[in-house]
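Please have a look at the model on the screen, and then I will walk you through a few of its features.

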Amino acid sequence: MTENSTVDVLISGAGAAGLTLAIELARRGVSFRLIEKLNDPFRGSRGKGIQPRSQEVFEDLGILDRIVAQGGTYPRQREYRDDGSVSESDAVVGGEPTPAEPYHLPLMVPQFLTEGVMRERLLELGHRPEFGCELIGFEQDEAGVTARLKGTSGEETIHVRWLVGADGGRSFVRHALDIGFPGKTLGVRAMVADVILTGLDRDVWHRFGDGDMQRQIAICPLAGTDLFQIQGPIPLEGEVDLSAAGLTALVKERSGRDDIEVQSVSWASAFHMNARLADRYRLGRVLLVGDAPHTHPPTGGQGLNTSVQDAYNLGWKLAAVTAGAPDALLDSYEEERRPVAAAVLGLATNLLDAMKRGDMRRGREVHQLDIGYPSSSFALEKPERNAGLLAGDRAPDAPLKGVAGQPTRLFELFRGPHWTLLGYEAEQAAVPPRPGLHIHRIGERGDVIDEGGHFHDAYGLTSGDWVLVRPDGYVGAIIASAHAWALEAYLANVGLAAEAATQSVTASARLKTGVP
């Protein structure tokens with residue numbers, strides 16, 4: 001057994017959650033290892049829906065255009081009835097993009113394609129997952145975690161400051177911590193398979209037996225591939241033949257058609273649907289992310305998206321605490337994300353009930369644009385606001401113009417690992433500059449202009465107000481000019497104290513003047 005030197009973070013599990021966290025840490029210069037016990041990347045389509053809020057996250061991570069290029073939009077669904085008639089409808093209901101919400105339709109991108117793009121982005125940042133490397137044990141104390149790994153070259157022990165379990169619903173990390181995972185089995189067992197088949201066109205999502213849990217089956221063309229995804233409920237007990245011949249027979253039985261033939265199976269899985277939520281997301285220096293602390297039915301396309309946004313919330317906080325921010329910042333991860341998971345469990349379960357009735361339409365409730373953290377201990381308003389945009393809400397986008405004449409957007413100002421402080425028609429900066437904080441003033445004397453009034457419409461600020469936007473695109477604080485003093489205490493609590501800023505500025509000045 002070998003023993004290696006310390007890194008800051010060990011991430012166990014290189015699915016969507018682990019990859020998102022790795023990208024977040026990599027672009028902040030935090031040392032980490034990302035391990036995955038599987039020998040190869042996951043090759044299935046289980047999480048194929050990319051919701052509008054996740055599209056915003058992917059824009060910030062620098063991969064949205066590549067994600068869109070890999071997939072496409074959801075096709076219309078065609079329902080085949082027993083009397084031989086058919087009807088078509090939209091599977092997803094979305095409005096037009098707005099200045100505040102630029103993405104309004106879920107994308108269809110098979111999970112293996114999404115994760116492939118994420119691995120490419122991680123490689124650009126100088127890192128890659130370690131496949132065939134399994135976490136087999138760990139111990140923690142106040143200083144960090146000692147983890148035992150097993151890989152192709154044998155066993156090794158490493159010391160890390162933090163361990164993150166991104167290792168799925170059967171999480172080894174969660175079990176090792178003995179964290180409760182209460183909930184229920186929902187009495188539904190289902191199969192999903194990615195296949196090559198003949199007999200169906202690729203312009204619609206084919207649905208047979210809707211509303212009948214004994215006969216229901218759906219066959220969806222997977223955007224960006226030549227595959228179809230077959231989904232359907234199966235008996236609670238017994239073996240299910242997921243071979244090409246077995247799936248062909250299942251489709252024939254449920255569709256009543258003998259012209260649909262499965263040629264080959266790329267990936268297939270049978271699973272029981274559960275709704276479970278971990279009692280806690282953190283125990284000491286070990287944290288859970290993604291499916292490890294929550295599992296729910298796949299209805300509504302919430303799983304991968306919730307996992308990505310867990311990691312997006314955790315990443316900047318873990319980096320800040322590693323750099324010296326107060327530990328309470330890391331406690332806010334569970335405080336903010338666990339209620340979101342509880343709500344998602346309820347939504348996915350309700351959508352499962354709707355699916356049993358044959359109702360498959362999905363609207364804004366699945367887009368995740370309305371998720372926020374208004375009750376967070378890191379949501380500050382001075383004075384308190386009773387309407388409009390509130391601290392803890394998602395920070396809307398808005399088109400702006402730089403005073404040099406070029407168009408820009410708020411999301412472009414937000415993009416990157418920094419905090420953003422926006423002053424609306426403010427005379428002077430509310431706080432001095434410092435590393436990790438970008439300051440912009442909007443108005444006549446500022447560096448950007450709200451030419452179309454979209455910023456004012458979305459944020460509802462009055463002259464002199466300041467809004468502080470977190471690295472994950474949520475409003476941290478809204479401060480009136482008379483309360484600007486409150487920003488310093490807030491920034492200190494997230495690792496951006498004035499003392500650090502002063503030291504950095506002083507050091508920079510010394511370098512420029514040659515003073516030691």
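Let me begin with helix H7, residues 303-322, which gives the most to the lining of the second largest cavity, with 3 residues; helices here are DSSP runs of H or I with at least four residues, strands are runs of E with at least two, and both are numbered from the N terminus. This is a predicted model, in which local features need pLDDT of at least 70 and side-chain atom pairs count only at pLDDT 80 or more, while totals for chains, interfaces and linings use all residues. Residues are numbered from 1 along each chain as its sequence is written, and side-chain values use heavy atoms, with hydrogens and water left out.

By a cavity I mean a set of points, on a 1 Å grid over the protein atoms alone, where a 1.4 Å probe fits but cannot get out, and lining residues have an atom within 4 Å of a point. Grid points are joined across faces, edges and corners, and a volume is the space filled by probe spheres set on the points.

Which residues line the second largest cavity? They are Gln 309, Tyr 312, Asn 313, Arg 337, Tyr 373, Asp 472 and Tyr 474, around a volume of about 40 Å³. By class, that lining has 3 nonpolar, 2 polar and 2 charged residues, where Ala, Val, Leu, Ile, Met, Phe, Trp, Tyr, Cys and Pro count as nonpolar, Asp, Glu, Lys and Arg as charged, and the others, Gly among them, as polar.

Of the 14 residues that line the largest cavity, the closest to its centre are Glu 56, Asp 60, Tyr 312, Phe 411 and Phe 414. Helix H2 (52-61) and helix H9 (410-414) each supply at least two residues of this lining, and the largest share, 5 residues, comes from H2. By class, the lining of the largest cavity has 6 nonpolar, 1 polar and 7 charged residues.

Finally, a word on a sheet: 3 strands form an open sheet in the order E3-E7-E4, with antiparallel pairing, and two strands pair if DSSP finds at least two bridges between them. The edge strands, E3 (49-50) and E4 (72-73), each pair on one side only. E3 and strand E7, residues 107-108, pair over 2 bridges, and the bridge partner of Gly 49 in E7 is Met 108.

How values were computed
On a 1 Å grid over the protein atoms alone, a cavity is a set of points where a 1.4 Å probe fits but cannot get out, and a pocket is an open set with protein on both sides within 12 Å along at least five of seven lines; lining residues have an atom within 4 Å of a point.
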